[in-house]
Protein chains: 2
Amino acid sequence: MPGSEADEFAIIARYFAPLATHAGARGLLDDAALIAPDGPVVVTTDAIVEGVHFLRGDSLDLVARKALRVNLSDLAAKGAAPFGYLLTLFWPSDRPAHEMAALAAGLAADQEEFALALLGGDTVSTPGPLALSVTMMGRAGLRTPSRAGAKAGDGLWVTGTIGDSGLGLAALRGEAFDAADGDYLAGRYHLPLPRVALGPAIANVASAAMDVSDGLIADAAKLAAAAAVRIEIDLDALPLSPAAARWAERQADRLTARSQLAAFGDDYEILFTAPAAPGIAATRIGQVQAGTGVSLLGGGRQVTAPPAAGYVHRIGR
Amino acid sequence: MPGSEADEFAIIARYFAPLATHAGARGLLDDAALIAPDGPVVVTTDAIVEGVHFLRGDSLDLVARKALRVNLSDLAAKGAAPFGYLLTLFWPSDRPAHEMAALAAGLAADQEEFALALLGGDTVSTPGPLALSVTMMGRAGLRTPSRAGAKAGDGLWVTGTIGDSGLGLAALRGEAFDAADGDYLAGRYHLPLPRVALGPAIANVASAAMDVSDGLIADAAKLAAAAAVRIEIDLDALPLSPAAARWAERQADRLTARSQLAAFGDDYEILFTAPAAPGIAATRIGQVQAGTGVSLLGGGRQVTAPPAAGYVHRIGR
């Protein structure tokens, strides 16, 4: 805890107690929260670390929202309706406590946007980097698709667009973009858009589902491995934002550019397989076959996957 | 994640998947766990950081068990029956992955001892110190006492003995103890004994309850503040282990020694108030009165609280 025990109480009272809007959280005055779910619960946990998952100097408002959203994305892919979370905050001992105000404001904004309540937490002082660990809970839907249900013959779909966040990180590192495109892409890096609203509808039709966080190719490989099937991704079908499409057009090789976009991480879209067209705002990008692994198609031919698949979002690498 | 994505899978498969004994954890192959509680759930989260809450060089087996036990202690004080947990592991990027074996062994030992299952988790690479954040869930009992229920006239009780862990830390730092006493006390520091078995019985009779983690005096002050009452602690009634009693006898002033023991942290006993003798293996150490704050009695007189109350377990201070 920064400073003293008195500070701990002041910090909780000032920044976090107003976020504990669930009665069972008891205003964070207790050591535990009491929840009474009316059915099965889906629970997930994901952490982000300064210098690894976000950049030193990133606004703490955005960092807080990202910490929530990477977890919301996991619940969305399982078709769950998020209701609350616990937050462990590792606060650098040399960072002034007043900077928590921005962090709390970010949490408050996303609590409002996603109908969440803070259920509990812990704030500990660390000699290391700022880090946030979130445990997010949601009401399960009628179905909770696993990663393992893909069957040969299923189609492969993804929500939204792919590669924006990776390009956003490149823009933040100084790669040249048209100003509006650079802002858009950086925004996609800083603030994922978890598909919470689409999740339940996808869960009802998907044979397998997961969120895209390590990159489309790497995550498709997980779906393939979990079900012992082969997944074929058609790079020509990859859904791109206008900004990403403009970037791809500027690259020397169109298919290399598309395979790079499919290797970037931090998309936080839902990747799923289904036996029939799902009637959902998603793009069909491939199919499930007998076999193992992931294959990439472009212009009707096999394309080699880029070596960096799945790593781009790890800043530290 | 240390190394590569392939390592991440290997690490999960090797060290953590065997701990995911709850069917809803899906062998940690998914991004979320599905649980179907048969009633209200109590949930808590607590983190420990190397150099702050445990010592550099501490056995990772013991570190892992401590991370679970500080959370089990919170649930015990609420009378809940723990069933599962999520673990976020912040693993220093320069620490070899094979050292996770000892950590996993510690988790396995306590899963067995406390009938727990690993429900999910995240392992992230950090340039900072080793840290573990645990979210622990338990089935609520018939009553879930808060911190806020103490009433003037109630008695104050505590389980077990007080001050051992703080003396254990002193022993580990080189303070001289008889060898057997030093070992006993260091063991109490390294491996808390959460009162999981006593918790439900206490919850049924307590007007307020919490676990003692920041020190008896500091935590009693929290009970007093939460209920707007005064808590009087009789230092002469403080339950001491034989090792702590021998230490106290060697000190120049008996009451100063006892107030130091009551200021140490990391006891992980249950402190509770109740209107009548609870019929539980616990020691009556004081009473609840009208007023505010905590007062200490010794030899029938008021004693001044030591200035360090509540901080001793923060190694970094």
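This is a predicted model: local features need pLDDT of at least 70, side-chain atom pairs count only at pLDDT 80 or more; totals for chains, interfaces and linings use all residues.
Let me begin with one contact: the side chains of Glu269(A) and Arg188(A) meet in a salt bridge, 3.1 Å from N to O, where a salt bridge is a side-chain nitrogen of Lys or Arg within 4 Å of a carboxyl oxygen of Asp or Glu. Glu269(A) lies in the loop between helix H9 (254-263) and strand S9 (270-274) of chain A, while Arg188(A) lies in helix H5 (residues 179-190) of chain A, so the pair ties together parts that are 81 residues apart in sequence. Both Glu269(A) and Arg188(A) are buried, and buried means under 20% relative accessible area, exposed over 50%, and partly exposed in between, with a 1.4 Å probe and protein chains only.

Residues are numbered from 1 along each chain as its sequence is written, chains are lettered from A and ligands numbered from 1 in the order in which they are written, and side-chain values use heavy atoms, with hydrogens and water left out.

Turning to chain B, Arg69(B) forms a salt bridge with Glu113(B), with the closest N and O atoms 3.4 Å apart. Arg69(B) sits in helix H2 (residues 60-77) and Glu113(B) in helix H3 (residues 100-114), both of chain B, so this pair ties together parts 44 residues apart in sequence; helices (H or I, at least four residues) and strands (E, at least two) are DSSP runs, numbered from the N terminus.
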